[in-house]
Amino acid sequence: MRNIRTTQSFSPQGDRLKRITAIGTTGHRIVKAIEWLKDNFARPLSIDELAKDMGMSASSFYQYFREITSMSPLHYQKRMRLTEARHLLIIEDRDISSTSLQVGYESLSQFSREYKRLYGVSPSERIASL
């Protein structure tokens, strides 16, 4: 059996992942921003502040974030909020109003619109189907 060297790459995606996560790189800063968003998705988001915290200009941050995640930081946050909302509604049997507030929405109607846009049914339709 041959030993596989740890520097050997198995795919182009492996090389890309190594470049993204290397400490000190722009990709690593974006990974840190993603971690922050996962921990703080319900909080209001300021792209300027998050970019500054990552040591980047807002325009560079936005560009690299989109390059790595294929979506804008605000869209990423929205997706995180709606994913958690779906979990709370389906798995934890929470009501719509408290769920929308818990995941960071100030407007119940905005929450319902965005939920329906992503999942194809409104939160009330989702609950009724259960």
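These legends describe close-up views of a predicted model. Local features need pLDDT of at least 70, side-chain atom pairs count only at pLDDT 80 or more, and totals for chains, interfaces and linings use all residues. Residues are numbered from 1 along each chain as its sequence is written, and side-chain values use heavy atoms, with hydrogens and water left out.

**View 1. The largest nonpolar core has 14 residues.** A nonpolar core is a set of buried Ala, Val, Leu, Ile, Met, Phe, Trp, Tyr and Cys residues joined through side-chain atoms within 4.5 Å. Buried means under 20% relative accessible area, exposed over 50%, and partly exposed in between (1.4 Å probe, protein chains only). Ile30, Leu37, Leu50, Met54, Phe61, Phe65 and Tyr76 have the most contacts inside this core. Helices H2 (26–40), H3 (47–53) and H4 (58–69) each give it two or more residues. H2 gives the most, with 4 residues. Helices (H or I, at least four residues) and strands (E, at least two) are DSSP runs, numbered from the N terminus.

**View 2. Leu50 touches Ala33, Trp36, Leu37, Leu45 and Phe61.** This list leaves out residues up to four places away in sequence. Contact means heavy atoms within 4.5 Å.

View 3. H2 has 15 residues and reaches 21 Å from its first C-alpha to its last. That is close to the expected 21 Å at 1.5 Å a residue; the expected span is 1.5 Å times one less than the number of residues. Gly27, Ile30, Ala33, Ile34, Leu37 and Asn40 are buried in H2.

**View 4. Phe61 and Phe65 form a tilted aromatic pair.** Their centres are 5.6 Å apart, with 45° between the planes. Rings of Phe, Tyr and Trp (its six-membered ring) pair if their centres lie within 6.5 Å; planes under 30 degrees apart count as stacked, over 60 as edge-to-face and the rest as tilted. Both residues lie in helix H4, 4 residues apart, about one turn of the helix.

**View 5. Ring pairs link Tyr105, Phe111, Tyr115 and Tyr119 into a cluster.** Tyr115 is buried, with a relative accessible area of 0%. Arg81 lies over the face of Tyr105, 5.5 Å from the ring centre. A charge sits over a ring if NZ of Lys or CZ of Arg is within 6 Å of the ring centre and within 35 degrees of the ring normal.
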